[in-house]
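Hi,

Here is the model I promised to pass on.

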Amino acid sequence: VFQHVADDQRRLFLYMLNNMRLEEALNSIASLRSYGGRKNVVVFALDSLVCNSLAAVMSIACIWTGTEFREARPWYGEVDLVKHWELTAMALKKFIYVALALVHGFSVFFVDTDTVFLQDPYLGITGDHDLWIQDGSRSCRNVSDTCHDMTTCNASWEYNTGFMFWKESQ
């Protein structure tokens, strides 16, 4: 699938979602495609409905993971150890899918379903780095200009993984 979908520079956009996140994912993919077509999108489906639902509205590569994860906002539902481990397993899978693409020589944008692109994301990928991560700390919290690390911040420091880009480096 990766070989068939990747662009001429072997780059992919990966999404991982369940049917509850379908509408926001469609908006994200539409915003992405408004910048040069961007047909190099692969969706990993977290429930059995996603691929058929996507196929009804657009042509897109979709892989059913074989695992049902039907929570809408799983991190709010971590009320017990079972829910915590379900979320952890789901989060680890996204890095497994990224690693799978990387070991086969593809560069990967991993995109959260609620990301809307306001410009071509490739414009921000400059320099010779292996990994770019969207720093969402300022967009997620009111962080003062004196906040540079966990010891000087009054709010938690976080990277909002709205999108991450891994450059193939073999």
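Below is what turned up, starting with confidence.

This is a predicted model, so to speak of local features I needed pLDDT of at least 70, with side-chain atom pairs counted only at pLDDT 80 or more, while totals for chains, interfaces and linings use all residues. Numbering runs from 1 along each chain as its sequence is written, and side-chain values use heavy atoms, leaving out hydrogens and water.

The chain has a mean pLDDT (the predictor's confidence in each residue, from 0 to 100) of 80, and 75% of its residues reach 70 or more. Residues 138-143 fall below 50, with 13 contacts (heavy atoms within 4.5 Å) beyond near neighbours in sequence. Residues 154-159 are also below 50, and that stretch has 19 such contacts.

Searching the whole structure gave one disulfide (a pair of cysteine sulfur atoms within 2.5 Å). Cys51 and Cys62 make it, with their sulfurs 2.1 Å apart. Cys51 sits in helix α3 (residues 50-55) and Cys62 in strand β3 (residues 61-64), 11 residues apart; helices (H or I, at least four residues) and strands (E, at least two) are DSSP runs, numbered from the N terminus. The S-S torsion is about -80°, so the disulfide is left-handed. Cys62 has 23% relative accessibility, so it counts as partly exposed (buried is under 20% relative accessible area, exposed over 50%, partly exposed in between; 1.4 Å probe, protein chains only).

Cheers
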